[in-house]
Amino acid sequence: MDVLDAIGNTSMVRLGRVVPAGGAQVLAKLEWENPTGSMKDRMAHAVISRAEKDGRLRSGDTVVEYTGGSTGASLALVCAARGYRIRIVTSDAFSREKLDQMAALGAELTLVPSEGGRTTKKLILEMIEVARGLSREPRTCWTDQLNNLDSIAGYHALGEEIWAQTSSRIDAFVHSVGTAASLRGVATVLKRYRPGIRIVAVEPAESSVLRGGPAGPHKIEGVGIGYAPPLWDPSLVDQIIPVATEAAKDMARRLAREEALFAGTSSGANVVAALQVAERLEPEARVVTLMVDSGLKYLNTDVFRAG
């Protein structure tokens with residue numbers, strides 16, 4: 001057994017104090033139990049393994065990716081375990097902890113400056129182009145997360161775990177959209193088991209492009225790239241809920257203080273939306289969402305910084 005065998009099989013807990021009385025149960029899967037503290041370990045393992053299997057990635061090659069941090073740390077973990085060099089294109093828009101974690105795991109970072117530390121469509125596109133340039137170098141494998149179908153398969157096991165842990169009793173799944181791979185991977189599995197399950201996508205209210213709104217800057221890291229990601233499949237989704245950055249931050253703080261669940265801003269957004277869904281369902285219904293990553297990745301941001 002090695003560190004990559006520790007990915008997956010994360011715990012699920014029921015929320016108590018933040019859930020309004022009379023609504024459905026809200027269950028949260030604790031994806032920070034993965035080795036880097038993020039659900040992205042699942043997709044990183046999948047994309048590297050499949051690239052190895054089909055010959056795109058061989059011993060001595062370099063992996064390249066653009067990322068806001070969690071994917072970069074996860075890829076760096078897998079590359080460290082498998083012995084590959086990794087180069088990450090990222091930005092000052094993302095938390096210092098995420099950048100430091102990537103570097104600690106051996107990633108070589110290229111920083112693209114942001115507009116006031118916010119995620120924008122322009123920033124994402126600039127990061128992609130820098131990564132594209134690096135990918136043209138010899139012996140390089142670009143994992144290209146926004147277009148990589150292999151990442152979807154990395155989340156099929158997450159869907160299977162959710163189905164098993166709820167004892168096949170789940171009425172809705174709520175999750176935020178970055179690349180859309182995790183939502184799509186989980187939804188594919190759950191819809192196969194229960195076609196009538198409600199799949200709810202979450203996006204920043206400041207950049208509600210999936211609902212047809214304009215792109216805009218926001219501070220919910222890892223989601224809301226400013227345009228519909230290539231892996232987005234609207235046929236799997238029954239509802240899209242926009243959540244404002246401040247509401248996501250406030251919920252992340254409440255989860256820590258009231259539920260003892262220490263998670264990041266996208267997890268806060270997930271819970272804000274999950275509570276809206278739960279309010280419309282019967283008390284015996286079950287809504288599942290994800291604690292995407294650990295609050296330890298945000299300690300020096302304005303979400304948790306003391307004083």
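Visitor: Why is Tyr66 called buried?

Guide: Buried means under 20% relative accessible area, exposed means over 50%, and partly exposed is in between (1.4 Å probe, protein chains only). Tyr66 has a relative accessible area of 3%, so buried is the word for it. Bear in mind that this is a predicted model, where local features need pLDDT of at least 70, side-chain atom pairs count only at pLDDT 80 or more, and totals for chains, interfaces and linings use all residues. Residues are numbered from 1 along each chain as its sequence is written, and side-chain values use heavy atoms, leaving out hydrogens and water.

Visitor: What makes Tyr66 and Trp142 an edge-to-face pair?

Guide: Rings of Phe, Tyr and Trp (its six-membered ring) pair if their centres lie within 6.5 Å; planes under 30 degrees apart are stacked, over 60 edge-to-face, and the rest tilted. Here the centres are 6.1 Å apart and the planes sit at 70°, which makes the pair edge-to-face. Tyr66 belongs to strand 3 and Trp142 to strand 6, 76 residues apart. Strands (E, at least two residues) and helices (H or I, at least four) are DSSP runs, numbered from the N terminus.

Visitor: And why are Trp163 and Tyr193 called stacked?

Guide: Their ring centres are 4.8 Å apart and their planes are at 5°, so this pair counts as stacked. Trp163 is in helix 6 and Tyr193 in helix 7, 30 residues apart.

Visitor: Are those two buried or partly exposed?

Guide: One of each! Trp163 has a relative accessible area of 13%, so it is buried. Tyr193 comes out at 37%, so it is partly exposed.

Visitor: What makes something a nonpolar core?

Guide: It's a set of buried Ala, Val, Leu, Ile, Met, Phe, Trp, Tyr and Cys residues joined through side-chain atoms within 4.5 Å. The largest one here has 51 residues, and Ile48, Phe173 and Trp232 are among those with the most contacts inside it. Helix 2 gives the most to this core, with 6 residues. A second, separate core has 31 residues, including Leu15 and Ala248.

Visitor: Which residues does Trp232 touch?

Guide: Contact means heavy atoms within 4.5 Å. Leaving aside residues up to four places away in sequence, Trp232 touches Val177, Thr179, Ala180, Leu183, Ala201, Leu210, Val237 and Ile240.
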